[in-house]
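Please look over the sequence and the three-dimensional view that come next. The paragraphs after them begin with the overall fold and then turn to particular residues.

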Amino acid sequence: MKITEPARTPERRKRDLLVRLEEEMDVWVATADADGVPCLVPLWFVWHGESLWLATRPTTPTGRNLRDGRRARLALGDTLDVVLVDGDVEMYAAEEVPGAAAGAFLAKTGWDPRADAGPYVFFRVRPRAVQARNGEHEMRGRYLLRDGVWVV
C-alpha cells in the first residue's frame with residue numbers, strides 16, 4: 001500500500017468514527033474466559049448514550065465472558081482502517097435494559113432480542129479507550145478517547 005493521503009486530523013478522525021458507529025452494523029467482540037482462552041465473534045451493535053450496546057444469549061462463550069470478565073475489546077473495519085474500543089461491560093436482562101437503548105437497537109438492526117423465543121441479554125460497553133487509524137501513517141494521534149474521556 002502506498003500512502004498518498006496525509007493523516008487525518010484528530011477532529012476528522014472523531015467525526016469519521018462517530019459516522020461509523022452510527023452506520024456500521026457489526027462489530028468484532030473480543031473476550032477471554034477466566035483461563036485466558038480468547039473468543040472473537042461478530043455481533044450487531046448500536047451506539048447509544050455514549051456506549052455500544054450488544055445482545056447475545058447469556059449461555060454463549062461471549063455472553064459468559066462479557067458477564068464474568070466485565071471487559072471487552074471491540075473492533076470495526078479492516079487492518080488498514082481500524083477502530084479499536086476497549087470498554088467496561090455491564091449486563092442487562094431483557095426486562096432490565098433501558099427502553100431507549102433497546103429501542104435504538106431495534107431501530108438499527110430490525111431485531112428486538114426482548115421478543116425472541118430464546119433468552120437474550122444486552123451488554124452495555126462503556127468505552128475506556130478508543131483508537132482510530134487508517135494506515136500506518138495515522139499511528140501517531142490514534143487515541144481519540146482515554147480513561148473514558150474524549151481527548152479530541
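Read from the N terminus on, the elements of the protein chain follow the order α-β-β-β-α-β-β-α-β-β-β, which amounts to three helices and eight strands; here helices (H or I, at least four residues) and strands (E, at least two) are DSSP runs, numbered from the N terminus. The radius of gyration of the protein chain is 16 Å, close to the 15 Å that the globule rule gives for 152 residues, so the chain is as compact as a globular protein of that length. That radius is taken over C-alpha atoms, and the globule rule is 2.2 Å times the number of residues to the power 0.38.

This is a predicted model, in which local features need pLDDT of at least 70 and side-chain atom pairs count only at pLDDT 80 or more, while totals for chains, interfaces and linings use all residues. Residues are numbered from 1 along each chain as its sequence is written, and side-chain values use heavy atoms, with hydrogens and water left out.

Along its principal axes, the C-alpha trace of the protein chain spans about 50 × 35 × 30 Å. Of the 152 residues in the protein chain, 41% are buried, where buried means under 20% relative accessible area, exposed over 50%, and partly exposed in between (1.4 Å probe, protein chains only). The accessible surface of the protein chain comes to about 8,400 Å², and 52% of it belongs to carbon and sulfur atoms; such areas come from the Shrake-Rupley method with a 1.4 Å probe, and for residues only the protein chains shown count as cover. When contacts in the protein chain between residues at least 6 apart in sequence are considered, 62% join residues at least 24 apart, a contact being heavy atoms within 4.5 Å. The protein chain carries 22 positive and 23 negative side chains, and the centres of these two sets lie 4 Å apart. In that count Lys and Arg are positive and Asp and Glu negative, with His and the chain ends not counted, and the place of a charge is taken as NZ of Lys, CZ of Arg, CG of Asp or CD of Glu.

A search of the whole structure finds five aromatic pairs, and the rings of Phe 105 and Phe 122, with centres 5.7 Å apart and planes at 85°, form an edge-to-face pair. Rings of Phe, Tyr and Trp (its six-membered ring) pair if their centres lie within 6.5 Å, and planes under 30 degrees apart count as stacked, over 60 as edge-to-face and the rest as tilted. Since Phe 105 lies in helix α3 (residues 99-109) and Phe 122 in strand β6 (residues 121-134), the pair ties together parts that are 17 residues apart in sequence. Phe 105 is buried, at 0% relative accessibility, and Phe 122 is buried at 0% as well. The rings of Trp 111 and Tyr 120 have their centres 5.0 Å apart and their planes at 85°, so that pair too is edge-to-face, and Tyr 120 counts as buried at 16% relative accessibility. Ring pairs link Trp 44, Phe 105, Trp 111, Tyr 120 and Phe 122 into a cluster.

Pro 38, in strand β2 (residues 38-48), is by contrast exposed at 68%, and beyond its neighbours within four places in sequence Pro 38 is in contact with Thr 31 and Ala 32.

Glu 50 has a positive phi of about 65° although it is not a glycine, and Glu 50 is partly exposed, with a relative accessible area of 47%. Asp 147, in the loop between β7 (143-146) and β8 (149-150), has a phi near 50°, a positive value in a residue other than glycine, and Asp 147 counts as exposed at 63% relative accessibility.
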